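Reader: Please show the sequence and the structure. I have some questions about them.

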Amino acid sequence: MTDPVLTVEGLTVNYSVGAGTFHALQDVSLEIRPGEVVGIVGETGCGKSTLGHAIPRLLPEPPARIESGRIVFRGTDLVTVPRWKLPMVRGTGIAMIFQEPLNSLNPAFRVYDQLAEAVRIRRLRESGRLPMFRPDRDDPFDYSRPPPPPKGGTLANAIVPGGVTAEAVQGRRLGSYRDDVLEYLRLVRINDPETVLGLYPHELSGGMRQRVMIAMALSEKPSLLIADEPTSALDVTIQAQVLTLLKELIDEIHTAVLFISHDLGVIAETVDLLGVMYAGRLVEIGPAAEVFESPRHPYTKALLRATPNRSKAEGALDTIPGAVPNLSRLRPGCRFQPRCVLARPVCANDPHPPLVPIGFGPAPAVHRTACLFPEEVAQLP
Amino acid sequence: MGVRDTLRLFWAVLRANPLTLAGFLMVAVLCGLAGIMAIDPWLLVRYGPIQTSSASYAPPSWAHPLGTDNIGLDIYSEVMRALPLDLGIALAIVGASVLIGGLLGLVAGYWDRPGTAGGASSIVILRTTDVFLAFPSLLLALAITISLGRGPWQAVLALMLTWWPYYVRLVRGEVLAVKHLPYIQAARAAGVSEGRIVLRHVVRNILEPIVVYLTMDIGTVLVVFSTIAFVADAIPYPSATPEWGSMLSYYQQILPIASYPWLVFGPGAAIFLTVLAFSLLGDGLRDVLDPRTRRALVRSRSRPLPEVPAEASPARPDDPEAKLSGEVPQPA
């Protein structure tokens with residue numbers, strides 16, 4: 001069995017906001033192997049995005065704080081990596097697609113500029129002109145050569161406004177990244193990439209912007225792609241298109257993907273392994289089909305019943321009574337216990353039930369649940 | 001992006017907006033005149049800075065386009081001789097302020113997380129700024145000018161010392177607004193280093209308000225400098241180095257001013273036109289810097305973008321590949 005690209009072990013993240021401390025993530029463990037697509041679902045505020053941002057250390061620290069746990073990416077614990085080395089990991093190691101395609105592209109730069117920056121970073125790192133993340137050494141960072149002076153002067157590039165005509169875009173002035181940029185625009189199935197190169201984000205539709213974002217993330221050839229609700233901000237038809245594209249690309253490129261979504265329908269057909277989060281904890285994880293067909297945590301069961309089309313053909317949709325607990329005032333024991341139909345006094349005892357495997361199977365892919373009574377969950381309607 | 005493209009863009013914007021064109025032409029003319037005056041003033045004027053003519057209180061005429069004053073100084077010559085000094089002083093003060101204040105503002109705005117080294121430096125910068133802002137800048141500049149010993153360069157230095165805090169505040173505010181936007185986070189996620197994010201992504205997106213403020217500020221500096229020149233008596237008039245502000249304050253004491261309006265008209269109009277020119281230019285620059293308005297300006301007035309080549313055009317509806325990504329760029 002191949003080594004995992006990413007191993008998250010016992011990750012606990014707190015936010016210190018005002019007087020209180022929000023326990024955003026508690027004891028989350030996860031493994032992603034090369035080429036594997038792992039999905040994370042859960043309600044708003046359950047810690048999905050915190051997890052996605054914590055892995056490449058993109059959380060603002062403070063207020064966020066990684067209290068404990070390890071994030072081992074290709075053999076290096078990212079929690080211990082000093083902040084100034086993190087750009088070496090991001091991009092070429094871990095790339096990310098964000099939720100808001102509207103604001104995730106710099107409004108002042110053309111599509112070409114956005115993508116060229118990503119390609120440039122990859123080229124510089126590959127050619128050794130910028131220090132690169134190297135997992136196969138004792139010290140994973142290579143400082144052998146100092147970074148080169150930026151070509152043409154960074155400040156000059158920053159101040160001179162971008163081009164305006166298509167001729168300008170197609171001219172040789174675009175520099176040597178044009179072919180790479182075009183290749184990735186074609187990869188994300190953008191029609192007429194030559195014209196799109198010279199457009200600004202405000203001239204693109206939401207779906208196009210998200211495609212450009214995906215192209216940006218992929219053009220750095222990351223070993224792990226984190227997709228943080230990549231389709232939530234799009235309307236339904238575009239959502240389907242982008243999802244189809246993502247699925248095809250995942251097959252084509254064979255990169256490991258952490259796919260975060262609150263939409264079970266989106267995630268159902270995309271992922272190999274499905275994790276369900278509730279109130280900052282991973283409550284169930286297993287092969288996607290198994291989790292969908294026979295959920296072993298009452299929250300997963302309830303979540304599936306609350307999905308349109310799945311519970312019943314007519315009548316009111318099933319809901320989960322109660323609300324997600326306040327993450328700054330947690331009660332002892334299982335976090336789902338106050339809303340759970342199976343709850344018993346033992347559920348309110350600390351510690352929180354651990355993830356235990358159900359049945360037998362190869363360790364990482366086995367179906368695991370954090371419920372004390374998985375058999376009874378199976379009996380629920 | 002080549003020089004030709006830049007010029008073409010520039011021309012398109014100028015053509016689309018007549019006021020910007022006017023502002024640009026005025027600034028160009030002012031700078032050209034200032035250049036000529038600095039190299040060889042005798043090409044444009046017939047009198048030296050303290051050279052009197054035979055006529056005093058002469059109204060505007062061909063010999064004296066802006067008239068003469070009580071001792072027979074040709075006001076046109078005086079105004080023109082003051083041009084390079086005034087323009088240079090205004091640009092130098094604003095330039096130094098935007099460099100110092102802008103850099104400090106960037107640092108204070110971008111690295112402001114409490115409990116880190118950046119947060120500490122941010123506090124130091126902002127509190128220092130507050131100390132300067134606590135004094136009225138005009139009084140502070142006056143005090144510095146006088147304590148340094150009265151003179152034009154003392155006044156310039158004093159204004160530079162008092163002018164930068166406004167830019168710290170302005171730049172910091174803009175940086176705070178921009179730095180939490182998702183595209184900054186996206187750049188960080190793409191592995192862009194912090195320095196490059198600041199210089200490339202942040203600076204480019206805060207340029208518009210700063211350029212507008214800066215060009216308007218040139219006029220303010222001109223007026224304030226003239227005030228200091230007058231109150232601190234930093235640049236006596238009449239002297240070998242005439243200056244618009246000191247000219248104005250000198251002539252407004254000559255009574256009755258209603259009988260000789262041309263005395264104050266010359267330097268007043270010079271200040272007015274300079275301030276106006278930079279304000280109009282600043283307005284136009286904002287349009288150039290914002291890709292949205294720039295594209296709209298260029299599209300509406302110049303020829304449209306070339307048609308999409310036939311083989312790459314939005315495909316037939318039965319093309320499965322096209323259905324997959326059926327979106328086409330939105331028309332502007």
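Reader: In chain B, what share of the contacts with a separation of 6 or more is between residues 24 or more positions apart?

Author: This is a predicted model, where local features need pLDDT of at least 70, side-chain atom pairs count only at pLDDT 80 or more, and totals for chains, interfaces and linings use all residues. Residues are numbered from 1 along each chain as its sequence is written, with chains lettered from A and ligands numbered from 1 in the order in which they are written. Two residues are in contact if their C-beta atoms, placed from the backbone, lie within 7 Å. Among the chain B contacts with a separation of 6 or more, the share from residues 24 or more positions apart is 67%.

Reader: Is A:Ile260 buried or exposed?

Author: A:Ile260 lies in strand β8 (residues 256-260) of chain A, a strand being a DSSP run of E of at least two residues, numbered from the N terminus. A residue is buried if 20 or more other C-beta atoms lie within 10 Å of its own, exposed if 12 or fewer, and partly exposed in between, with C-beta atoms placed from the backbone. Because A:Ile260 has 26 other C-beta atoms within 10 Å, it is buried.

Reader: Which residue stands opposite A:Pro357?

Author: Strands β11(A) and β12 (residues 368-369) of chain A run antiparallel, joined by 2 bridges. In β12(A), the residue opposite A:Pro357 is A:Arg368.

Terms used:
Helices (H or I, at least four residues) and strands (E, at least two) are DSSP runs, numbered from the N terminus. Two strands pair if DSSP finds at least two bridges between them.
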